[in-house]
Amino acid sequence: IVLAPCAADEALPSDPSLPADLFTACLTTPISVALRDFAKRHPDSTGGALARDLVEAGVPGRLGDRKTPLGELNWIFTAVTDTIAWNVLPAELFQRLFRQDLLLASLFRNFLLAERVFRRHGCSPR
């Protein structure tokens, strides 16, 4: 399996408000990237500096504990990305990528976020 951030003829995004290696950040820390991306696109609705400070400090909690803010955001992210994948992939491919291996499922969920973020920067992850 090979996942790439952009096509050979595209340039990687360079934005000081996002992580230097945005693709890896999308794949490894999707909640943080999603919050940064949202705060950047909607500065008025997030409270400006307050939202940036929260994103920089990190959302409190643990990914596996749904009773914490980070755990709840992770659960919502999983539900949304699984629903997107269910609706766009053939059933057999969805089962293979999202239900047979937990690590692979997590990687592909996070890749869905990378696709969305990178498209806003003129790239098409593959």
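Okay, let's start with E115: at a relative accessible area of 18%, E115 is buried, where buried means under 20%, exposed over 50% and partly exposed in between, using a 1.4 Å probe and protein chains only. Bear in mind that this is a predicted model, with local features needing pLDDT of at least 70, side-chain atom pairs counting only at pLDDT 80 or more, and totals for chains, interfaces and linings using all residues. Residues are numbered from 1 along each chain as its sequence is written, and side-chain values use heavy atoms, with hydrogens and water left out.

E115 makes a salt bridge with R119, with the closest N and O atoms 3.9 Å apart; the term means a side-chain nitrogen of Lys or Arg within 4 Å of a carboxyl oxygen of Asp or Glu. The two sit four residues apart in helix α6, so about one helical turn separates them. (Helices are DSSP runs of H or I, at least four residues, and strands are runs of E, at least two, numbered from the N terminus.) R119 is exposed, at 55%.

Now, D82. Its side chain meets that of R109 in a salt bridge at 2.7 Å, N to O. That one links distant parts of the chain, helix α4 for D82 and helix α6 for R109, 27 residues apart. Both D82 and R109 are buried.

D82 also pairs with R99, at 3.2 Å, N to O. R99 is in the loop between α5 and α6, and D82 is in α4, so this bridge ties together parts 17 residues apart in sequence. R99 is partly exposed, at 44% relative accessibility.

Elsewhere, D37, R41 and R120 are linked in a salt-bridge network. The whole structure has eight salt bridges.
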